[in-house]
Amino acid sequence: MSVRIRRVTTTRAGGVSKPPFDSFNLGDHVGDDPAAVASNRTRLGTAIGLGADRVVWMNQVHGDRVAVVDEAPGAVIDGTDALVTSTPRLALAVVTADCVPVLLADARAGVAAAVHAGRVGAQRGVVARTVEAMLKLGAQVGDISVLLGPAVSGRNYEVPAAMADEVEAALPGSRTTTAAGTPGLDLRAGIAFQLKDLGITSIDIDPRCTVADAALFSHRRGAPTGRLASLIWME
């Protein structure tokens with residue numbers, strides 16, 4: 001019997017943080033008032049119907065470490081960029097402001113994961129490492145569905161040509177051309193290509209670009225700024 005998968009992505013609206021973190025900032029590492037972040041996280045936990053004590057947060061470091069969790073630890077999980085669980089009603093959260101939030105689940109096996117995939121982590125294979133961890137918990141490649149959340153689009157992600165080539169070598173499909181005609185990266189395209197190469201075909205991509213959409217936080221558009229949260233859980 002399959003479980004029900006829930007995926008949620010926040011916007012800037014609905015919180016208590018003051019400018020430039022206005023208003024629903026969910027990142028605790030950007031210089032915002034810690035009390036405001038805590039209030040926003042409590043609001044989020046209540047809004048999704050689980051409560052703040054059922055949301056697992058990471059201290060993301062742009063690496064490829066994957067942590068398997070079976071309960072909310074009561075503290076941020078340090079030094080990791082992916083979470084995997086087989087526990088129902090335990091929300092896994094990833095915070096972003098241009099990087100790619102990747103939400104994966106096998107509803108039949110009852111395994112879910114949340115990944116912070118920025119340029120460095122994606123290049124190092126954090127998404128593939130996460131799929132490996134899911135398979136160890138009983139997930140099947142053919143049953144995994146994925147949502148790639150709001151992130152900077154290739155049209156707005158300009159990088160030096162050498163960097164674009166380097167990422168393309170590790171994550172084929174990433175190199176692109178920006179709206180200005182310069183070398184760019186489309187990490188979501190590269191990640192989707194990688195997932196398909198792993199045998200995963202159920203892939204949805206949120207079309208929103210964090211740089212272009214003022215309703216979303218974007219570090220590239222204007223730092224300092226807040227962070228969006230993308231969450232996944234099983235009911």
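Me: Where in the chain is Asp98 found?
Reply: This is a predicted model, in which local features need pLDDT of at least 70, side-chain atom pairs count only at pLDDT 80 or more, and totals for chains, interfaces and linings use all residues. Residues are numbered from 1 along each chain, and side-chain values use heavy atoms, without hydrogens or water. Helices (H or I, at least four residues) and strands (E, at least two) are DSSP runs, numbered from the N terminus. Asp98 sits in the loop between S5 and strand S6 (100-106).

Me: What is the phi of Asp98?
Reply: Asp98 is a residue other than glycine, yet its phi is positive. The value is near 155°.

Me: Is Asp98 buried or exposed?
Reply: Buried means under 20% relative accessible area, exposed over 50%, and partly exposed in between (1.4 Å probe, protein chains only). Asp98 has a relative accessible area of 8%, so Asp98 is buried.

Me: Which residues lie nearest the centre of the largest pocket?
Reply: A pocket is an open set of points on a 1 Å grid where a 1.4 Å probe fits, with protein on both sides within 12 Å along at least five of seven lines; lining residues have an atom within 4 Å of a point. Strand S5 (91-96) and helix H2 (119-124) each give at least two residues to the lining. The lining has 20 residues, and those nearest the centre are His62, Asp98, Cys99, His116 and Gly118.

Me: Which element gives the most to the lining of the second largest pocket?
Reply: This lining has 13 residues, with Ala52, Val55, Trp57, Gly74 and Ala75 nearest the centre. Helix H1 (34-47) and strand S2 (55-56) each supply two or more residues. With three residues, the element that gives the most is H1.

Me: Is Arg89 buried or partly exposed?
Reply: Arg89 lies in the loop between strand S4 (82-85) and S5, and its phi is positive, near 55°. Its relative accessible area is 38%, so Arg89 is partly exposed.

Me: What is omega for the peptide bond from Asp22 to Ser23?
Reply: Ser23 belongs to the loop between S1 and H1. Pro20 lies in the loop between strand S1 (5-9) and H1, and a cis bond with omega of about 5° joins Pro19 to Pro20. The bond from Asp22 to Ser23 is cis, with omega near -10°.

Me: Which residues of helix H5 are buried?
Reply: Helix H5 covers residues 187-197, and just after H5 Gly199 has a positive phi of about 105°. The buried residues of H5 are Leu187, Arg188, Gly190, Ile191, Ala192, Gln194 and Leu195.
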